[in-house]
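Here is a short report on one protein model. Have the sequence and the 3D view open as you read.

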Amino acid sequence: MEVTVKAALQKIGRQLDENIFPRVKSGGIVMPSEPAVSPLTLGVEKSYDKASRQRRPKSRSWERTSGGQRPARGPWPPGQTAPVVRTGLQAQCEDELNAVHEAYPGTRAWRQEEGLWLLTESSLLPGLLQRALFLTAISFSRAIVRSWGFWENFLAGPVWIGPRHTNFPDGSICAFEPTDGTWVIGGSMVELLDLYTLWALRHLHLQVFGRWPGRQAVHYPYERILELREDEYCGCGKSDELYGECCRDKDLARSQVADAVHFITCAAGGLRKPPDAVMRFARERIEPPRFSDLLVR
Ligand SMILES: [Zn+2]
């Protein structure tokens, strides 16, 4: 990694530690926040910089892409076609698609019976050779969004981004706490993709500097022991302190066997990885997986 790229990453990481949120530009380029912004005016991820995106026109209708809008092969009997009436979520997503294409050039979209798949790429930093690829599934009928992140560069195929801050067991992105209102279903897809972009940037920081920058949520004590460095922010919920100063000693003093069993039981064996169908889609980019195979809960 070039020195200038590394310096930019480090600067953004320091800002995240201070609760200063960077701006996300077209193509998923992350820029440090301007120094004039006071950290005191910003909260945790809720204060995510919505203003950094300009309002985008919402006029253009659904676009066909080279990927096509074919329904997934197989599971749908001929009589079972998509409903004629669009649901509110469907209408909103389709109407925002133009804005998504503008914010993330090269976006590809596939429509299925149950929802929409988006393939987007984020460059993260000017001069960075690897890019983040996101495969995002939006189920209209179940009002669920899942996304998976992958690294890609010119030499290697897609490599899953994880396991830190991904969901059990499917390895999908966990970019914010669902309970804190950072983003809720029905919110702007561009903002959601920006949150995923920031999540990938934090992963890049972890990859380069070995440390997750900024606040985070890691609820299981055993998971904190496994994953958190003591100079990272603690994930306990009152996480304005570093792990080493907050919960580490408490976590270590607990029964680690009991905690490990609890963690493994609650967290689907403690293992995370994308479903094979998602991996294949990331490699081939021809036909997205069926929602019914993925969004079981
Ligand atoms: Zn703590």
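Helices (H or I, at least four residues) and strands (E, at least two) are DSSP runs, numbered from the N terminus. The model is predicted: local features need pLDDT of at least 70, side-chain atom pairs count only at pLDDT 80 or more, and totals for chains, interfaces and linings use all residues. Residue numbers start from 1 along each chain as its sequence is written.

## Overview

The protein has eight helices and seven strands. A residue is buried if 20 or more other C-beta atoms lie within 10 Å of its own, exposed if 12 or fewer, and partly exposed in between; C-beta atoms are placed from the backbone. Of the 297 residues in the protein, 36% are buried. Two residues are in contact if their C-beta atoms, placed from the backbone, lie within 7 Å. Among contacts with a separation of 6 or more, 58% are between residues 24 or more positions apart.

## Helix H3

Start with H3, residues 189–209. H3 has 21 residues and spans 30 Å from first C-alpha to last, close to the 30 Å expected at 1.5 Å a residue. That expected span is 1.5 Å times one less than the number of residues in the helix. Of the 21 residues of H3, 16 are buried, so this helix is largely enclosed by the rest of the structure. Gly-210 follows H3 and has a positive phi, near 75 degrees.

Asp-194 sits in H3. Is Asp-194 buried or exposed? Asp-194 is buried, with 28 other C-beta atoms within 10 Å. Gly-27 lies 167 residues from Asp-194 along the chain, yet their C-alpha atoms are separated by 9.7 Å.

Two packed helices are described by the angle between their axes and the distance between the axes. Here axes are lines fitted to C-alpha atoms, for helices over the stretch in contact, and angles run from 0 to 180 degrees between N-to-C directions. Angles under 35 degrees count as roughly parallel, over 145 as roughly antiparallel, 65 to 115 as roughly perpendicular and the rest as oblique.

Take H1 (residues 3–17) with H3: their axes come within 10 Å and cross at roughly 115 degrees. H1 is therefore roughly perpendicular to H3. On the H1 side, the contact uses Lys-6, Leu-9, Gln-10, Ile-12 and Gly-13; on the H3 side, Leu-201, Leu-204, His-205, Val-208 and Phe-209.

Now take H2 with H3: the axes come within 8 Å and cross at roughly 45 degrees. H2 and H3 are therefore oblique to each other. H2 contributes Cys-93, Glu-96, Ala-99, Val-100 and Ala-103 to the contact, and H3 contributes Met-189, Val-190 and Leu-193.

## Helix H2

H2 has a kink of about 40 degrees, centred on Leu-97. The bend at a residue is the angle between axes fitted to the seven residues ending there and the seven starting there. Leu-97 is one of the buried residues of H2, along with Gln-90, Cys-93, Ala-99, Val-100, His-101 and Ala-103. The buried residues of H2 pack against strands E3 (108–111), E4 (115–122) and E5 (131–139), and against H3.

Most residues other than glycine have a negative phi, and most peptide bonds are trans. The table lists exceptions.

| Site | Feature | Value |
|---|---|---|
| Gly-162 to Pro-163 | cis peptide bond | omega about 0 degrees |
| Phe-168 to Pro-169 | cis peptide bond | omega near -10 degrees |
| Leu-124 | positive phi | near 70 degrees |
| Arg-285 | positive phi | near 55 degrees |

Pro-163 lies in the loop between strand E7 (159–160) and H3. Pro-169 is in the loop between E7 and H3. Leu-124 is in the loop between E4 and E5. Leu-124 is buried, with 25 other C-beta atoms within 10 Å. Arg-285 is in the loop between H7 (276–284) and H8 (291–294). Arg-285 is partly exposed, with 16 other C-beta atoms within 10 Å.

## A strand end

Glu-152 is in strand E6, residues 144–152. Glu-152 counts as partly exposed, with 16 C-beta neighbours inside 10 Å. Which residues does Glu-152 touch, not counting residues up to four places away in sequence? They are Gln-130, Arg-131, Leu-133 and Pro-158. Arg-131 is 21 residues from Glu-152 in sequence and 5.4 Å away in space, C-alpha to C-alpha.
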